[in-house]
Amino acid sequence: MPTSIAEGKDWSLERFNRHQPNTVTDIGPGDGTYAKLLRPHHEGVWWTAVEIHKPYIGRYKLKAKYDEVHNLDAREAPDHLYHRDLVLCGDVLEHMERDEAVALLQRIQQAGAWNILVSIPIVEAPQGEVDGNKHETHVHHWDYDDMGQVLASLGGSVESMKGDTLGVWWWSRRT
C-alpha cells in the first residue's frame, strides 16, 4: 500500500527532531507519509523522493511534497541521492528480496548517509500487486532481530522500537 500505519511514527518523529537533518531522501514515499509527518517540524530541509511507480508521483502530488522527485528503482539510483543527513526506508524493504535490501542499506551507508530510518512489518503481512503496482508485492518477511543485525553490521549505532506490527530502527553513523 502507498500508505503506512501510525505505529512507530511518534518514535520516528522524536528521532527526527533530535537529529534535525538538513537533507532527506525518502525511498518509496508512496503517498508522502514521512514528508507529511516530519517536514513541518524542521524548516529548510531539502527533501528528495525516489519513487519506483511513476503513477504515484502524480496521484499523490509528490512534486508538491518534495523538492526533488526521481522516478527510479532505489536499487539503481545514483549514490549521490544517498549522501544525505537522513535516508528514509519506510515500508519499502519488504518489497525486495532480503539480499537486495541488505545491499541497498550497505550502499546507502557507503554513499555517506549520516542516518537511516527503517520501518517494516515484523509480522506476516502477505500483499500482492496493488492498483496495478507490482512493486507493492511483499517479497520478504523481515524478522525484528534480523533487521537489527543487518543495521548493526553497518557500524555506528542503532536504536529500535518493536511494535505489534512494525519494527522501526534509526541507524546513525555517529556512535
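Predicted model: local features only at pLDDT ≥ 70, side-chain atom pairs only at ≥ 80, totals over all residues.
A search of the whole structure finds four aromatic pairs, and the count of salt bridges comes to 10. The points below are grouped by topic.

- Most residues other than glycine have a negative phi.

**Salt bridges**

- Side chains of opposite charge can pair when their charged atoms come close.
- Asp 31 forms a salt bridge with Lys 36, the closest N and O atoms being 3.4 Å apart; Asp 31 is buried, with a relative accessible area of 10%, whereas Lys 36 is partly exposed at 46%.
- Arg 75 and Glu 100 form a salt bridge in which the closest N and O atoms are 3.1 Å apart, and this pair links distant parts of the chain, since Arg 75 is in the loop between β3 (68–70) and β4 while Glu 100 is in helix α5, 25 residues apart.
- Arg 75 counts as partly exposed at 29% relative accessibility, and Glu 100 is likewise partly exposed, with a relative accessible area of 31%.
- Asp 146 and Arg 98 meet through their side chains in a salt bridge of 2.8 Å, N to O; Asp 146 lies in helix α6 (residues 144–152) and Arg 98 in helix α5, so the pair ties together parts that are 48 residues apart in sequence.
- Within that pair, Asp 146 is buried, with a relative accessible area of 17%, while Arg 98 counts as partly exposed at 32% relative accessibility.

**Aromatic rings**

- Among the four aromatic pairs, Tyr 56 and Tyr 60 have ring centres 5.2 Å apart and planes at 70°, so the pair is edge-to-face; both Tyr 56 and Tyr 60 are buried.
- Phe 16, Trp 47 and Tyr 66 are linked into a cluster by ring pairs.
- The ring of Trp 114 has the charged end of Arg 173 sitting over it, 5.7 Å from the ring centre.

Technical notes. Residues numbered from 1 in each chain as written. Heavy atoms only, no water. Phe/Tyr/Trp six-rings, centres within 6.5 Å; stacked < 30°, edge-to-face > 60°. Buried < 20%, exposed > 50% of the residue type's maximum accessible area, 1.4 Å probe, protein only. Lys NZ or Arg CZ within 6 Å of the ring centre and 35° of its normal. Salt bridge = Lys/Arg side-chain N within 4 Å of Asp/Glu carboxyl O. Helix = DSSP H or I, 4+ residues; strand = E, 2+ residues; numbered from the N terminus.
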